[in-house]
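Biologist: I'm new to this one. Walk me through it, please.

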Amino acid sequence: MDLYKSLVGHFLFTLVKTEPEWLHKQTIGSLNWLSKASYYPYTNWLNNLLQQYLCLNDPQLEQTVLGMKLPNPLGLAAGFDKDGVGANIWHNFGFGFAELGTVTYHPQPGNPPPRLFRLPLDQAALNRMGFNNAGAVAMAARLKEGKEKLNYPIPIPIGINLGKSKITPLELAAQDYLQSFRLLKDLGDYFVVNVSSPNTPGLRSLQDAAMLSQILDGLQQENTARKPIFVKIAPDLEWEAISDIIVLVKTYQIAGLIATNTTISREGLKTQIIEKTGKSPQEEAGGISGKPVSDRSTEVIRFIYQQTQGQMPIIGVGGIFTAGDAWEKITAGACLIQTYTGWIYEGPIMVRRILAGLLTKLEENGLTSISQAIGIGNG
């Protein structure tokens, strides 16, 4: 089952050096077709085939978090399915939940290409996409259509990651997030306030307590259904800033934190030159995802868990490629975990492999449920 890594991945990434964004667009196109095909009973064989090879179901991996029932703790991180084209089929790939977006209120093309680069030596990606998406109105229409056409409920929670439109001034950011939330609040199981992407000018300044409080206050006033709302933070924040955000999360009864987004650090990278541009990663703008952010993301998870005595749900993301990576984040304090870059490098079978590895970890540690492992690495 390592055909993807040994043949497909090697061919796409090394031999033909496929342009990453082109490949992503082709993948999204295929997902769009699969998604539409799933509306019709005669395509059940295809979904069953995916489930047979890519899914692993076991009661020990199940959890209920904030009222959401999850078949396993591993989800798809935001950034891959920006417009929600695969919302009704991500469960067929083995994920326990999936996060759509980042979506902005205004449709926007994002930053000029090239804007997505693979760094294979580092098992990483560098992106400066800039929240390219069709906008909240389009996502709402797509998700409504999907709900109407499906003859069964989506069996995993679907999150929606909200970002600020580039054309919206920072002082009007709270209204921008609120407008997207109003359109989508009935269509997601949980929501994420993304104030930590490095690819929208000024966005990370919204992590400042004064700015973030306005956003959270507006969303919670609108959130009459009490949907779980998370804040996604950067790995580059100082401990004091993270502590300030924890206080705000408690003040506005926000569900929890997602740790972490991509990093602007270039420390320790093995890649010297990005072939596409002829420049070093240090000269290129954008956020780094994958292995280089793994350790810092785990440190942030552990800090949040310790600061909140394990009482705040944490979704851990950053550099998850193996069951060992997943276990490290869960035992540091993450109740759920997400992958994106690892999934690209390792291929679709990675989800099943990680879940099987987590079951082995549970057995080795004398545990019978994944929820028992949360935070046990904190002594």
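Predicted model: local features only at pLDDT ≥ 70, side-chain atom pairs only at ≥ 80, totals over all residues.

Biologist: How many bridges join β6 to β11?
Modeller: There are 4, between antiparallel strands, and β6 covers residues 124-127. As an example, A125 has S289 of β11 as its bridge partner. On the other pairing, β5 and β6 are also antiparallel and joined by 4 bridges, with L116 partnered to N127 in β6.

Biologist: How many residues sit between β5 and β6?
Modeller: 4, and the two strands form a hairpin. In that turn, Q123 has a positive phi of about 50°.

Biologist: Which way do the β6 residues point?
Modeller: A124 and L126 go one way, A125 and N127 the other, and all are buried (under 20% relative accessible area with a 1.4 Å probe, protein chains only; exposed is over 50%, partly exposed in between). In a regular strand, side chains alternate between the two faces of the sheet.

Biologist: New topic: the largest nonpolar core. Which residues touch the most other members?
Modeller: W90, F93, Y177, L184, V231 and I304, out of 98 residues. Helix α11 (residues 350-364) gives the largest share, 7 residues. A nonpolar core means buried Ala, Val, Leu, Ile, Met, Phe, Trp, Tyr and Cys residues joined through side-chain atoms within 4.5 Å.

Biologist: What is V231 in contact with?
Modeller: Skipping neighbours within four places in sequence, V231 contacts V193, V195, L212, L216, V249, I254, G256, L257 and I258. Contact is heavy atoms within 4.5 Å. Another core of 7 residues lies apart from the largest one, and F117, L269, I274 and I288 are among its members.

Biologist: Now the backbone. Where are the cis peptide bonds?
Modeller: One joins G101 and T102, with omega about 15°. T102 belongs to strand β4 (residues 97-103). Another joins A259 and T260, with omega about 10°, and T260 is in the loop between β10 (256-259) and β11.

Biologist: What about Q253, which has a positive phi though it is not a glycine?
Modeller: Its phi is about 55°, and Q253 lies in the loop between α7 (239-251) and β10.

Biologist: Is Q253 buried or exposed?
Modeller: Q253 counts as exposed because its relative accessibility is 62%.

Biologist: And where is Q309 found?
Modeller: In the loop between α8 (294-307) and β12 (314-317). Q309 is not a glycine, yet has a positive phi of about 50°. With 59% relative accessibility, Q309 counts as exposed.

Terms used. Residues numbered from 1 in each chain as written. Heavy atoms only, no water. Pairing = 2+ DSSP bridges.
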